[in-house]
Structure formats: C-alpha cells, structure tokens
Amino acid sequence: TLTAYDSGKLITLGTAGGFTTTLPLPQAGLEFEFVVKVAPTTAYIIATSGSANKIYGVIASADLNAASDTGCAQASDTITFVANKAVIGDSVRLISDGTNWYATGFCTAFDALTGTQAS
C-alpha cells in the first residue's frame, strides 16, 4: 500500500510472481510511475483504495494492428500488467487532482496493460 509520502517515486515491478499495489486516496498533486522490471508470470495489479472507480485515462500499445490502442475503462478501479503479456519497459503513470487518478500507460503487446472495474 502506497502513501502520500511515496508520491513522485518510480516504482519498479521486479518480482515475476506479481503482486497488488494499493494507491492512497486521491490527493491533489500525488503521482506515481510504475515500470515493469521483470516480466510477470502472475499479474501486477494497481488498485484504488477501497475499490473506488476513480481511474481515467488512456493506454497505448506499440503493437501494430488495427486494435492496438486501448482506452482505460472509464471509472476503473484497477490497472493490470497482464501475466505473460507485459514485458520489461511497459509502464503507467498516475496523477491525482484530489478527486480522481489520471493514467497514461504504454505497453509493447496489445492488451498487456489494462484498466478495468473489479467492483
């Protein structure tokens, strides 16, 4: 679980087994950047505090096919680096305005980084 104290830090995702990281409640100016350091065999998940659907933004893929760009589901509560799809260098940056989290993500393979509503 991250806190406001962690704001501005680069968080490297370096355990192949994956894990879940929980964001703090939105607060103006908080920002976090996550980068895959080890390709996951189990998903890396970034979740909002209390499963609040407060993540908005876009995820772009370098995969060159017609469906390569995917939008983060509006009002998402999780961002997932998908197991066996996400690779080293895939990343997402989250910034808060005090109400919501705004995501900008990049991945190599189509659908390796997703935004969804878990609840």
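## Buried residues and the model

A residue counts as buried when its relative accessible area is under 20%. Trp 101 has 1%, so Trp 101 is buried. The model is predicted. Its chain has a mean pLDDT of 89, and 91% of the residues reach 70 or more.

Strand E3 has the highest mean pLDDT, 98. Strand E6 (residues 70–71) has the lowest, 56. Where pLDDT is low, the predicted coordinates should not be read in detail.

## The nonpolar core

The largest nonpolar core holds 22 residues. Leu 23, Phe 34, Phe 81 and Leu 94 have the most contacts inside it. Several strands give two or more residues to this core, including E3 (31–36), E5 (55–61) and E9 (101–107).

## Aromatic pairs

The structure has four aromatic pairs. One of them joins Phe 32 and Trp 101. This pair is tilted, with 5.8 Å centre to centre and 45° between the planes. Phe 32 sits in strand E3 and Trp 101 in strand E9, 69 residues apart. Phe 32 is buried, with a relative accessible area of 1%.

Tyr 44 and Phe 81 form an edge-to-face pair, 6.5 Å centre to centre, with 80° between the planes. Tyr 44 lies in strand E4 and Phe 81 in strand E7, so the pair ties together parts 37 residues apart in sequence. Tyr 44 is buried at 1% relative accessible area. Phe 81 is buried at 0%. Phe 19, Tyr 44 and Phe 81 form one aromatic cluster.

Terms used
Residues are numbered from 1 along each chain as its sequence is written. This is a predicted model: local features need pLDDT of at least 70, side-chain atom pairs count only at pLDDT 80 or more; totals for chains, interfaces and linings use all residues. Side-chain values use heavy atoms; hydrogens and water are left out. A nonpolar core is a set of buried Ala, Val, Leu, Ile, Met, Phe, Trp, Tyr and Cys residues joined through side-chain atoms within 4.5 Å. Buried means under 20% relative accessible area, exposed over 50%, partly exposed in between (1.4 Å probe, protein chains only). Helices (H or I, at least four residues) and strands (E, at least two) are DSSP runs, numbered from the N terminus. pLDDT is the predictor's confidence in each residue, from 0 to 100. Rings of Phe, Tyr and Trp (its six-membered ring) pair if their centres lie within 6.5 Å; planes under 30 degrees apart count as stacked, over 60 as edge-to-face and the rest as tilted.
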